[in-house]
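Let's take a friendly walk through one protein model. Have a look at the picture and the sequence before you read on.

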Amino acid sequence: MKFYISNGGEVFAYESDGSQDSEIKPGMVEMTAAEIEAHINPTLTDAEKIAAITASIQAVLDGEAQSRNYDNINAIGKYLGYDNAFRAECEALGSWTAQVWSKGYELLNTWQQTGVEITQQQVLDQLPIMG
């Protein structure tokens, strides 16, 4: 494949054999190997990495709640504070949620204070497990 970028920043891929060269418009520029790599595997900012990590933590929490037939982890709140059949389970989920976020933010703060980056998988591997 050969890759071209338009004036508007759109990337197009064409067959290397030249069979699609008629589709290449004036003003399009063939991309270098480095540009292709950066397009396929963009470098994320620290803010984007942190957003991805926090989203993955939220997905873990929501996944656990959904495995117990709640819509998401936030849904447990409606069963707290009064006697009902779901209260004990929801209290346990709530406590676990607090532990998970505490650990997640501890790891992110350590990264920000030390400059030693932590990956999304490393964070997920260190989160408390729901008992």
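Predicted model: local features only at pLDDT ≥ 70, side-chain atom pairs only at ≥ 80, totals over all residues.

Residues are numbered from 1 along each chain as its sequence is written, and side-chain values use heavy atoms, with hydrogens and water left out.

Start with Met1, which sits in the segment before strand S1 (2-5); strands are DSSP runs (E, at least two residues), helices are DSSP runs too (H or I, at least four), and both are numbered from the N terminus. The C-alpha atoms of Met1 and Asp17 are 8.2 Å apart, although 16 residues separate them along the chain.

Ser56 belongs to helix H2 (residues 46-67). The table compares the two residues; buried means under 20% relative accessible area, exposed over 50% and partly exposed in between (1.4 Å probe, protein chains only). Contact means heavy atoms within 4.5 Å, and the contacts listed leave out residues up to four places away in sequence.

Now the core. A nonpolar core is a set of buried Ala, Val, Leu, Ile, Met, Phe, Trp, Tyr and Cys residues joined through side-chain atoms within 4.5 Å. The largest one here has 21 residues, and Ile57, Leu61, Tyr70, Leu93 and Val123 have the most contacts inside it. H2 and helix H3 (87-114) are the elements giving two or more residues to this core, and H3 gives the most, with eight residues. Beyond four places away in sequence, Val123 touches Ile53, Ile57, Leu107 and Ile118.
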